[in-house]
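Take a look at the model below. This report walks through a sheet, its helices, some charged pairs and a surface patch.

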Amino acid sequence: MPDGAMPVLDVRNLRTVFRTRSGEVHAVNDVSFDLRPGELLGVVGESGSGKSVTMMSLIGLLPSPPAEVRSGQALLDGRDLLGMTPEELRKVRGARVGFIFQDPMTSLNPVFTVGFQLTEPLRTHMGMTRPEARRRAAELLELVGISDAERRLDDYPHQFSGGMRQRVMIAMALACDPEVLIADEPTTALDVTIQAQILELVKELRHKLGMAIVWITHDLGVIAGIADRVMVMYAGQVVEQAPVKELFTNPQHPYTRALLQTVPSVRGRRVEKLRVIRGQPPVLGAPPAACPFRPRCDHALARCARENPQRIALGSGHDVACFWDPATGEERHA
Amino acid sequence: MLDAAAPPKKIVEVRDLKMHFPIHAGVFRRRVGEVKAVDGVSFDIHEGETLGLVGESGCGKSTCGRAILRLYDITEGSVVIDGREIGHIPQKELRPLRPRMQMVFQDPQASLDPRMTVAAIIGEPLVEHTGLSRDARLERIYELMDAVGLNRNFANRYPHEFSGGQRQRIGIARALALNPKFIVCDEPIAALDVSIQAQVVNLLEDLQKRLGLTYLFISHDLSMVRHIASRVAVMYLGKVVELAPRDDLYETPLHPYTQALLSAVPDPDPASAEKVKRIILQGDVPSPANPPKGCNFCTRCPRVMPVCHHEEPAFTEVAPGRFVACHLHDGTKIPEAPAAAAADQQGDAT
Ligand SMILES: Nc1ncnc2c1ncn2[C@@H]1O[C@H](COP(=O)(O)OP(=O)(O)OP(=O)(O)O)[C@@H](O)[C@H]1O
Ligand SMILES: Nc1ncnc2c1ncn2[C@@H]1O[C@H](COP(=O)(O)OP(=O)(O)OP(=O)(O)O)[C@@H](O)[C@H]1O
Ligand SMILES: [Mg+2]
Ligand SMILES: [Mg+2]
């Protein structure tokens, strides 16, 4: 670890499989990553690449069956989450790991007031009295920029706008002062001007509260603006990982490189023709025996059809799972 | 690029278009108000160009696109397509005109009948509007599948057997079946993955060049619109607040809403992400059932003035081809543009 700090979360060799009627889906294949105190780790990848399943596997949020965590270890401050009982995991979710979901309406209950939903975990997990919890809940709403917080505790979710509901979600995730916050596409459903409000808020809160954050998104623009480090997923694997500036200036994996070229920008030079990544991402019925990106890759080598490349460290916290070396255009020498 | 001698032909001319939906309430379903989804919109679309229509959720983009194609009976205004006024003619008279104007929808999943094969879906408009024989129809279906890059062997498959990008191709093939001139593309890439979006956008551009198509491209993705559109209209709460040639709009936006909108788009580049000065708008978009008095944007505008609260700004041409509805530009003929941009415009005009 370059900066020497102990990770708050250390995930090793995670494998998660869904057993469906039409066979197995290997959603997460040997994923390893860590999260350091106070850091914001961005996770990008296209639909179905395993971003959500990876994070949900860690805190026992997947329905089982059909989900099955086949192997791996996930140490939260040294204790393995994957070996915990459902009861222990519930406590972890309530108090130490906060979660924000993509669609606020799926996790806000429409029949309870926002105040009730905010105070409930404070009372059960932090042992607060009703008035204490209510005071804290109002504080949390204020923290996420909802004015007239005290009064709005008595409102129901549908009385808030989309952007405000997402703020309420953030407040709920922050309620018990978690060490780790996992945010799964928290702004994807929002308009850009509302997204900008939420991103500002997160930047501000990070400094105030100092927690470590995992931020899942498919928007490279969002990642560029807020992440310290980025992990790129493809077909249930981590194909590249690097500090944010390094990833954008010196991408190594052909998938990352192509992805950066297919997204246009509103600023800077306008490209005449968009670069295309041909084909489709695969659905994996078995753990990949070859590189899963090979059918779409412009640089595939003979070796890529025989072996699935392992992640190799390139120094300065950058690693990539690929045999091809963009510097030489040939096979990478270890 | 613009040829001063021969002004571009107008395929679509929209004037003061209004689409209001009634709100009913109570036991007797009495009409208690209306949603002003589109509230006085005017623009032209030139032959062979792509007009981008951008704005946030609920501002009326889809309603505008659908109203232009007369999928609604419009409340007010005029729509001229290819020289013919269609704003208020009955649906019966519209039928023979339908082949010329088509629509591609946002959600390829929802807009394709799951019980029909791909061939049947693409062939449906041919059955309805042409007298082609079975064989001739199949030939045309294959031609269309080739044009959008779908394998002919998949003609007898069903939509669920295709990926999102492929389903969008099916929708595009169907829209092309009757040789339309004008296509409204309503968020055609919003449901697709980043790596697939470029495939569909490039296909639309290709087809435009080959077939001389004219597009209204509706999207909330400002970076993709910058890529595909030649001119761009920005909507806010039922009105077009700014309309300009693409490069002008992205380089020197005039309306405070356009400025905020563009500044809010995250940049896929950490170096420039640090440099951009973001304008963070406060609050949310007001309801189109109860828009503010004066300028629609006055409740969130960072540069709001007293006049904005009681007087609606007119949509005026402040420079050749540049329209804006904002009191900051009252009395402006030529906007204060950097010297280079002004020189460019002159260059264009000659
Ligand atoms: N309940 C389930 N049963 C079967 N397969 C599932 C289930 N949930 C997820 N999967 C599969 O697991 C894989 C990874 O899904 P995941 O939701 O992690 O993707 P993601 O990267 O989060 O994508 P998105 O960007 O669309 O949210 C996909 O192939 C998906 O189809
Ligand atoms: N059939 C209808 N009846 C009543 N109100 C409607 C109807 N269709 C749309 N609206 C309302 O009109 C307004 C504009 O809707 P529209 O779908 O045109 O927005 P949009 O700009 O396309 O948004 P999005 O980006 O979310 O697709 C919204 O407030 C919407 O709720
Ligand atoms: Mg997901
Ligand atoms: Mg719409």
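How many bridges join β11(B) to strand β12 (residues 322-324) of chain B, and do they run parallel or antiparallel? Three bridges join these strands, and they run antiparallel. Keep in mind that this is a predicted model.

**The sheet in chain B**

Stay with this pair for a moment. β11(B) and β12(B) form a hairpin, with two residues between them. B:Gly321 sits in the turn and has a positive phi of about 80°. Within the pairing, B:Glu317 has B:Phe323 of β12(B) as its bridge partner.

Now step back to the whole sheet. Eight strands of chain B form an open sheet. Their order is β6-β7-β8-β3-β9-β10-β12-β11, and the pairing is mixed. The edge strands are β6 (101-104) and β11 (316-319) of chain B, and each pairs on one side only. On average, neighbouring strands of this sheet are turned by 20° against each other, direction ignored.

What holds strands together in general? Strands of a sheet pair through backbone hydrogen bonds, either parallel or antiparallel. For a parallel one, go to β6(B) and strand β7 (residues 182-186) of chain B, which pair over four bridges. There, B:Met103 stands opposite B:Val184 in β7(B).

**Helices on the sheet and beyond**

Helix α1 (residues 61-68) of chain B packs on the sheet. Helix α1 touches β3 (50-54), β6, β7, β8 (214-218) and β9 (231-236) of chain B. The direction of α1 makes about 155° with that of β8(B). Helix α7 (residues 194-211) of chain B lies across β3, β7 and β8 of chain B. Helix α7 runs at about 160° to β8(B).

Another helix to find is α4 (residues 118-129) of chain B. Which of its residues are buried? They are B:Val118, B:Ala119, B:Ile121, B:Ile122, B:Gly123, B:Pro125 and B:Leu126. An α-helix has 3.6 residues a turn, so residues three or four places apart point the same way. The cover over the buried residues of α4(B) includes α5 (134-147) and α6 (164-176) of chain B.

**A buried glycine**

Find B:Gly238 in the loop between β9 and β10 (239-245) of chain B. Is B:Gly238 buried or exposed? B:Gly238 counts as buried because its relative accessible area is 1%, and the cut-off for buried is under 20%. Leaving aside neighbours within four places in sequence, the contacts of B:Gly238 include B:Lys36, B:Val38, B:Gly40 and B:Cys59. B:Thr63 is 175 residues away from B:Gly238 along the chain, yet their C-alpha atoms are separated by 9.2 Å.

**Salt bridges**

The count of salt bridges over all chains comes to 48. Three of these pairs are listed here.

| Pair | Closest N and O atoms |
|---|---|
| B:Asp82 and B:Lys9 | 3.4 Å |
| B:Glu76 and B:Lys18 | 3.9 Å |

Begin with the chain A pair. A:Arg311 is partly exposed, at 27% relative accessibility. A:Asp319 is buried, at 11%.

Next comes B:Asp82 with B:Lys9. This pair links distant parts of the chain, 73 residues apart. B:Asp82 is in the loop between β4 (76-81) and β5 (84-85) of chain B, and B:Lys9 is in the segment before β1 (10-25). B:Asp82 is partly exposed, at 31% relative accessibility. B:Lys9 is partly exposed too, with a relative accessible area of 42%.

The last pair in the table is B:Glu76 with B:Lys18. B:Glu76 is in strand β4 and B:Lys18 in strand β1 of chain B, 58 residues apart. B:Glu76 has a relative accessible area of 42% and is partly exposed. B:Lys18 is partly exposed at 22%.

Salt bridges can also share partners. They join A:Asp10, A:Arg12, A:Asp34, A:Arg36, A:Glu39 and A:Arg229 into one network.

**A nonpolar patch in chain A**

Which residues make the nonpolar surface patch of about 280 Å²? They are A:Val111, A:Phe112 and A:Phe116. A:Phe112 is found in the loop between α3 (104-107) and α4 (114-126) of chain A. A:Phe112 is partly exposed, with a relative accessible area of 37%. Patch residues need over 30%, so A:Phe112 qualifies on area at 37%.

Terms used. Residues numbered from 1 in each chain as written. Chains lettered and ligands numbered in written order. Predicted model: local features only at pLDDT ≥ 70, side-chain atom pairs only at ≥ 80, totals over all residues. Heavy atoms only, no water. Patch = residues over 30% accessible without salt bridge, like charges linked within 9 Å, V, L, I, M, F, W, Y side chains within 5 Å. Areas by Shrake-Rupley, 256 points an atom, 1.4 Å probe, with all protein chains shown as cover. Salt bridge = Lys/Arg side-chain N within 4 Å of Asp/Glu carboxyl O. Buried < 20%, exposed > 50% of the residue type's maximum accessible area, 1.4 Å probe, protein only. Pairing = 2+ DSSP bridges. Axes fitted to C-alpha atoms, helices over the stretch in contact; angles between N-to-C directions. Contact = heavy atoms within 4.5 Å.
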